[in-house]
Structure formats: C-alpha cells, structure tokens
Amino acid sequence: MLQRWVRMIVLLGLLAGLTVAVALRIRRPGPGANGARYGPLVTEEWPPVPPRVQADERWVEPDGRVCPVSHPVKAKLSSGRFHLPGMAVYDRTIPDRCYATAEAAELDGLQRSKH
C-alpha cells in the first residue's frame, strides 16, 4: 500500500514537472535576432496597464469648460493648480489645459487643488 502511494506521488511530481517545462517552452519564442538560443520571455502585466502618455501628449487644449475623456484633469495656469474629477470646484473650473494624469500636471509644475 505504501509503495503504491510513493509511486503515485513520484508520477504526479514527474507530470507536474513536465507540465511546467512545456508551459515554459510555449511562452518562449524561437531563436532571437542576435543569435541567442532563445528570445526574451513573453510577459504580460495583469491587470492590463494602459500605455503611458508620451511627453507631447501630456496635455491638450480644452473645449470651453470641457476636457476630453482621455485628459480629465483641469489645470489653471494663472493659479498654478489642477483639479481632478469629483473635486468640489471641478465643474466650475474653466481650464487652460487638460492633462491625462495628475502626475503629468505635477511634472509641469502645477499643484493639486485643495477643493
């Protein structure tokens, strides 16, 4: 009885090892362009991360009081502040620029509004 359990455990270990080896081989593309035996492993981030905004796309011109959905952060250059959606004065703010993220606004020297 004990031998049977040991055999079963060994077979399950071999099957698990084989499964891992096959899975790693499938994820690895063929030979690389630089002569390497294997190319880099293909990895994906989860959850998917939206692509980073390029430096020239950090801000866009507003359309009156409205910022596009892709750039929801409203910025006033005269006060040096930016407003995020959901803030108390967000709807009243007439933006000079619209930023994609708060980090992009901060990179341009703006400060987050308190309200």
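Okay, let's start with a contact: the side chains of H83 and S113 are joined by a polar contact of 3.4 Å, meaning a pair of N or O atoms within 3.5 Å, where within protein one must be able to donate a hydrogen and the other to accept it, and residues adjacent in sequence count only if both atoms are side-chain atoms.

Quick caveats. This is a predicted model, where local features need pLDDT of at least 70, side-chain atom pairs count only at pLDDT 80 or more, and totals for chains, interfaces and linings use all residues. Residues are numbered from 1 along each chain as its sequence is written, and side-chain values use heavy atoms, with hydrogens and water left out.

Back to H83, which sits in strand β3 (strands are DSSP runs of E, at least two residues, numbered from the N terminus). Is H83 buried or exposed? It counts as buried because its relative accessibility is 8%, and the cut-off for buried is under 20% with a 1.4 Å probe, protein chains only. Beyond neighbours within four places in sequence, H83 contacts K74, Y90 and T93, among others; contact is heavy atoms within 4.5 Å.

Now K74, over in β2, residues 73-76. K74 is buried too, yet has no salt bridge, and D91, the nearest side chain of opposite charge, is 5.2 Å away. A salt bridge would need a side-chain nitrogen of Lys or Arg within 4 Å of a carboxyl oxygen of Asp or Glu. What K74 does have is the backbone oxygen of Y90, 3.0 Å from a polar atom of its side chain.

Last, the sheet: open, 5 strands, order β1-β4-β2-β3-β5, mixed pairing. Pairing takes at least two DSSP bridges between two strands. The edges are β1 and β5, and β3 runs parallel to β5 over 2 bridges, with R81 partnering Q111.

Definitions and conventions. Helices (H or I, at least four residues) and strands (E, at least two) are DSSP runs, numbered from the N terminus. Buried means under 20% relative accessible area, exposed over 50%, partly exposed in between (1.4 Å probe, protein chains only). Lys and Arg count as positive and Asp and Glu as negative; His and the chain ends are not counted.
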